[in-house]
Amino acid sequence: MLTRFPAPRHPATASLAKASETPYLVAGGAIRLSLSSDLQGPAGEEASPRKGSRRRRLWELGHKCHCPIVGVCFSVHELRSHMARVMQISRSASDYTLHSSAVGACEARGPLSDLLHKVLEKRYALTIRLFAAARSRDALATLWQEALDSGSEIPAALWATWTHPACDKVLEQTVYADIHMLQHQIGSGTRAELKTLETLRQENTTLRGEVATLREEGRRLQREKADETRVLSAQIGRLQAELASRDAWGAGLLGQMECLRASLPDLKDRQALARRAQDAENRAQALTARAAELEAALERLRRQPPPEVAPSPAQPPAAEKGPHPEHLAGRCILCVGGRSGSVEAYRQLVESRGGRFLHHDGGLEESVQRIDGALAAADLVICQAGCISHNAYWRVKEQCKRSGKRCIYVKTAGVTSFARSVAEATAPEAADAD
């Protein structure tokens with residue numbers, strides 16, 4: 001709140017005693033100047049430092065000090081946040097209302113003044129320790145003047161000076177006058193503009209020097225780039241010459257290869273014969289393996305007693321003629337691909353019908369080259385097209401076409417599809433046999 005005191009009717013002719021009681025109005029109170037205290041100087045009783053070494057608390061300062069401390073040391077947003085922690089305030093309260101309320105609360109110890117004091121002590125602890133080295137009022141005044149001249153850490157210096165044990169009424173009034181005028185200057189923007197202008201001048205000088213340095217650096221980089229370009233151009237010329245030489249050498253090798261082909265007109269026939277010899281060797285290996293399996297099967301059959309089968313009276317005599325339509329009669333069925341878990345089911349199905357079963361996984365784990373030997377030994381090929389590699393598919397298709405063997409392509413890898421393919425392959429042959 002703004003406290004008003006009545007002024008004398010004739011201030012120009014009033015006595016010094018009356019003039020000493022004329023108040024200076026401030027937010028939250030007034031400053032009374034007294035010739036017997038504030039203006040006497042160091043020789044007066046009030047001008048001497050206080051006894052003791054304890055620093056003053058916020059509520060122990062003069063009321064005229066509360067307004068500058070609250071206004072300089074706390075922003076409006078920060079003050080609103082601190083006040084909301086200890087009291088209920090309206091969100092629509094103006095900044096001036098908050099400021100006046102905080103200044104009024106600092107007159108005595110309370111939740112808000114205690115909180116603000118702790119915040120100031122913690123925030124300006126470094127400056128407080130620095131000012132604690134001053135043992136007299138003059139040393140303290142010197143530190144305050146240095147901070148004022150530098151223009152930095154003014155809030156910290158203000159708090160450290162007013163709460164210092166060596167601060168008397170005269171120094172307190174001096175600091176108040178300095179901070180009061182400094183606030184006017186900051187309000188008018190003179191000091192800030194001068195400092196900003198000086199800073200801009202220094203930055204301009206620095207930037208000009210940096211620009212000159214960068215320009216020189218740019219010229220140096222351009223020269224280095226030009227040198228590198230010349231070196232790279234020479235290297236490109238040499239590489240182009242080497243490439244032309246290699247192209248000529250490659251053309252000569254192609255000519256020599258054509259001459260060799262012309263000198264060997266039967267080269268293709270020899271290659272075909274080599275492939276046939278390889279196929280024959282693979283077939284021989286497969287036949288050898290088949291013969292060994294047949295011998296083992298024959299030996300097993302010899303050890304087993306012949307089954308006694310009683311003729312069924314309901315079965316017509318025509319049923320005893322010829323093999324079952326799906327009986328494989330020892331033929332070899334090659335399955336390429338399929339699921340690994342169904343291989344045994346494939347094998348049992350073929351062997352139960354009197355056939356021999358071979359399997360290749362279609363290049364998933366086994367080598368693709370091993371398909372040739374299995375194809376040479378097989379009488380019928382069932383290709384699980386959906387479960388083999390691309391290379392295995394084309395290899396099976398090419399070998400079956402070359403050897404004339406029948407190949408059935410199955411899209412699904414189930415046991416039922418495999419049985420249907422076997423039945424489909426043997427049904428026409430059984431009909432011809434009948």
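Residues are numbered from 1 along each chain as its sequence is written, and side-chain values use heavy atoms, with hydrogens and water left out. Because the model is predicted, local features need pLDDT of at least 70 and side-chain atom pairs count only at pLDDT 80 or more, while totals for chains, interfaces and linings use all residues.

The protein chain contains 15 helices and 6 strands; these are DSSP runs (H or I, at least four residues, for helices; E, at least two, for strands), numbered from the N terminus. Of the 434 residues in the protein chain, 31% are buried. Here buried means under 20% relative accessible area, exposed means over 50%, and partly exposed lies in between (1.4 Å probe, protein chains only). The accessible surface of the protein chain is about 28300 Å², and carbon and sulfur atoms account for 56% of this area; the Shrake-Rupley method with a 1.4 Å probe gives these areas, and for residues only the protein chains shown count as cover.

The search of the whole structure finds 0 disulfides, a disulfide being a pair of cysteine sulfur atoms within 2.5 Å. Cys106 counts as buried because its relative accessibility is 0%, whereas Cys259 is exposed because its relative accessible area is 55%.

Helix α2 (residues 63–73) is mostly covered, with 8 of its 11 residues buried. Among them are Cys65, Cys67 and Cys73, together with Lys64 and His66.

Two pairs of helices show how such elements pack. Helix α3 (residues 76–86) and helix α5 (residues 111–123) have axes 9 Å apart and an angle of about 130° between them. Axes are lines fitted to C-alpha atoms, for helices over the stretch in contact, and angles run from 0 to 180 degrees between N-to-C directions. The two helices, α3 and α5, are therefore oblique to each other. Angles under 35 degrees count as roughly parallel, over 145 as roughly antiparallel, 65 to 115 as roughly perpendicular, and the rest as oblique. In this pair, Leu79, His82 and Val86 are among the residues of α3 that meet α5, whose own contacting residues include Leu112, Leu115 and Val119.

Helix α7 (residues 137–150) and helix α8 (residues 154–162) pack at about 165°, with axes 9 Å apart, and are therefore roughly antiparallel. Leu140, Trp144, Ala147 and Leu148 of α7 make the contact with Ile154, Ala157, Leu158 and Thr161 of α8. An α-helix has 3.6 residues a turn, so residues three or four places apart point the same way. Gln145 also lies in α7 and is partly exposed, because its relative accessibility is 35%. The C-alpha atoms of Gln145 and Asp178 are 9.3 Å apart in space, although the two residues are 33 apart in sequence.

Finally, helix α13 (residues 370–377) is mostly covered, as 7 of its 8 residues are buried. These buried residues pack against α11 (267–303), β3 (332–336), β4 (356–360), β5 (380–384) and α14. Within helix α14 (residues 390–403) lies Gln399, which is buried because its relative accessible area is 14%. Leaving aside residues up to four places away in sequence, Gln399 touches Asp279, Asp372 and Leu375; Asp372 and Leu375 are among the buried residues of α13.

Methods
Contact = heavy atoms within 4.5 Å.
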